[in-house]
Amino acid sequence: MSVVHVMSLSTAAAEPWPEKATLYQPLKEDQILLSDSASSLAVQTFLRMCGLPVQVSCCANAEYMSPSGKVPFIHVGNQVVSELGPIVQFIKAKGHSLSDGLDDVQRAEMKAYMELVNNMLLTAELYIQWCDDYTATEISRPRYSSPYSWPLNHILAYQKQWEVQRKMNAIGWSGKSLEQVYEDVSQCCQALSQRLGTQPYFFNKQPTELDALVFGHLFTILTTQLTNDELAEKVKSYTNLLSFCHRIEHTYFKEHDRESQSGSPQSIVDIP
Amino acid sequence: MLLDSCVCVCVCVSMVHTNMAEPMELLCWGGDWDLPSVHTDSLIVLAYVKFSGAKLAVKSIDWTWRTITASVPQLHYEGSTVTEPTQILNFLRKQRFNADYELTAKQGADTMAYIALLEEKLRPALMHTFWVDAENYANLTRPWFTSHSPFPLNFFVPGRQASLALSRILLTKAESPLLNITEVEGKIYSEAKECLNLLSHRLGNFHFFFGDTPTSLDAFVFGHIAPLIKAPLPSGQLQKHLNQLDNLCQFCNTILKNYFTDAPAEKRMDCSPTATHDPVDANLQKLTQLVNKESNLIEKMDDNLRSSPQHRPHRHETKPSALASERISTPP
């Protein structure tokens, strides 16, 4: 969780959710990468689960506008909040929460599983994007720097790659091979699959922020074209996770789009 | 014929003898403060070894050149080397020393999740407490590691560990506006306290996290909290917080008593829930509320630090005097 521009509880709760709340992310067609797309979808899903309308705005410099340097971020009233963790807290201060019905042990479990997804899935996505040379050269660097002209595009792309590689080094992932990373993703999906079991959501009947986060990552992995399909194959081998994604997509994205004629600015592609 | 069978028997005996003569060997940091090792990762492996009943020879790297060359803990077996606690535990499981045998699939998944929680939320604060906090580093950590390293490595080993710890904290926790370690401190300590509260909730009144036998999750939790409980830290706000969580301290002491003292047999603890349910719960509720209030206060402080001129928020009265006593003590 990054530190957040959140007002004190009393003030934030006094202001209702405005009409023109906006979510900012990088350009959808050309620029956004797998990890950012996953995080953005997770936040959008969470907001839909809470029933809070938000407009998605795609900007090339979203990363630089964000208070913490990470996307997505939401602009609500005169507050700017980035990343799922702080956004969940902010929305809780406004009186909307998905995890109020959980007891303390369940809340501990939910936070633990959210950390598992961040620790394994998100880190694996970053590794595959930036530390695998082939993917970095073919996909990540061109996409990341597409809005900029020469020589800025080269500088920014290499700078970002270097930053991510430093972080991987610090947490000990730089020594891993790609196969080991795929194996880690597989184990993470297995843990999620076992926790989900046959239930509709992770905490039975009601979705929580954990469901939003898992959906964001898994759906993006399944629908994003990378240099090979191995990552998507790892996820597809768990049928209950696939049906979980279908269910959330159907409940929160397709029906919502049918209700509002204009639909959301972002159209969700069917899972192949 | 008789000679052949004698030879065969002799060869067999010598082969068995050779296999038995090559036990697994574990390298780790030495112990102090009533602990078998002062290093978190080494403690995790040592605890798991005791829980799973693996037989291996433990060698401490103190006062050898391995203090700077080896990445500890390290397991040697038949020429191969395994590092990192997770890899070592996997290796031991493959050798049929499995403390997680009786866990269900869901409990196995929970183990992975809680280990991720420990790594993300608790470990940065632990590293800060021991290696970055100036008072602790100067008075406890550096003298200890200096005195346990040979000359001339004693000049390098603590400094190297400290800079590795600092860079790891900054790279993983400090996002772009927070490039300064002091601004990150508040955040990592409040996350660590929340993590400890969550662990305490999860442990409840039981002796171990999954029933009455310890598993790898117990080893990981023990490895992280035992140094924090036992080390004589000069400035330890996290230690103070942990000491208020009685069930975690009890958990740590139980493991030390049952698995790390020279008791004749490993006794199984009587695992009926104790009668102190209500006071433990009330204490934990109070601590959870304190952590929540603290994190709101930190956010408010950071908000004031970085409010932009055109979006200056209204300044409100600080919360009533209940918070006055809960000032966050940041290290100098």
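**Backbone geometry, surface patches and annotated domains**

At a relative accessibility of 16%, Trp33(B) counts as buried, because the value falls under the 20% limit for that class. The model is predicted. Trp33(B) is situated in the loop that runs between β1 (24–28) and α2 (40–52) of chain B. Its phi angle is near 55°, which is a positive value in a residue other than glycine.

A positive phi is also found at Glu78(B), a residue other than glycine, where the angle is near 50°. Glu78(B) belongs to the loop between β3 and β4 (80–83) of chain B. With a relative accessible area of 57%, Glu78(B) is exposed, whereas Trp33(B) is buried.

Cis peptide bonds occur in chain B at Val72(B)–Pro73(B), with omega about 5°, and at Phe151(B)–Pro152(B), with omega near -5°. Pro73(B) is placed in the loop between α3 (66–69) and β3 (74–77) of chain B. Pro152(B) lies in the loop between α6 and α7 of chain B.

The loop between α6 (134–147) and α7 (157–173) of chain B also holds Phe155(B). This residue is exposed, its relative accessible area being 61%. Together with Phe151(B) and Phe156(B), Phe155(B) makes a nonpolar surface patch of about 410 Å².

In chain A, a negative surface patch is formed by Glu179(A), Asp229(A), Glu230(A) and Glu233(A). Glu230(A) is located in helix α10 (residues 230–236) of chain A. The relative accessible area of Glu230(A) is 32%, so the residue is partly exposed.

Arg96(B) occupies the loop between α4 (85–94) and α5 (105–132) of chain B, and its relative accessibility of 75% makes it exposed. From Arg96(B) to Leu242(B) the separation is 146 residues in sequence and 35 Å in space, taken C-alpha to C-alpha.

The UniProt record, an unreviewed entry, assigns the feature "domain: Metaxin glutathione S-transferase" to residues 186–248 of chain A. Residues 192–255 of chain B are 69% helix and 0% strand, with 22 Å between the end C-alpha atoms.

Terms used: Residues are numbered from 1 along each chain as its sequence is written. Chains are lettered from A and ligands numbered from 1 in the order in which they are written. This is a predicted model: local features need pLDDT of at least 70, side-chain atom pairs count only at pLDDT 80 or more; totals for chains, interfaces and linings use all residues. Side-chain values use heavy atoms; hydrogens and water are left out. Patches are made of residues with over 30% relative accessible area and no salt bridge: like charges are joined within 9 Å, nonpolar side chains (Val, Leu, Ile, Met, Phe, Trp, Tyr) within 5 Å. Accessible areas come from the Shrake-Rupley method with a 1.4 Å probe; for residues, only the protein chains shown count as cover. A salt bridge is a side-chain nitrogen of Lys or Arg within 4 Å of a carboxyl oxygen of Asp or Glu. Lys and Arg count as positive and Asp and Glu as negative; His and the chain ends are not counted. The place of a charge is taken as NZ of Lys, CZ of Arg, CG of Asp or CD of Glu. Helices (H or I, at least four residues) and strands (E, at least two) are DSSP runs, numbered from the N terminus. Buried means under 20% relative accessible area, exposed over 50%, partly exposed in between (1.4 Å probe, protein chains only). UniProt positions are given in the numbering used here, feature names are shortened, and annotations may be inferred rather than shown by experiment.
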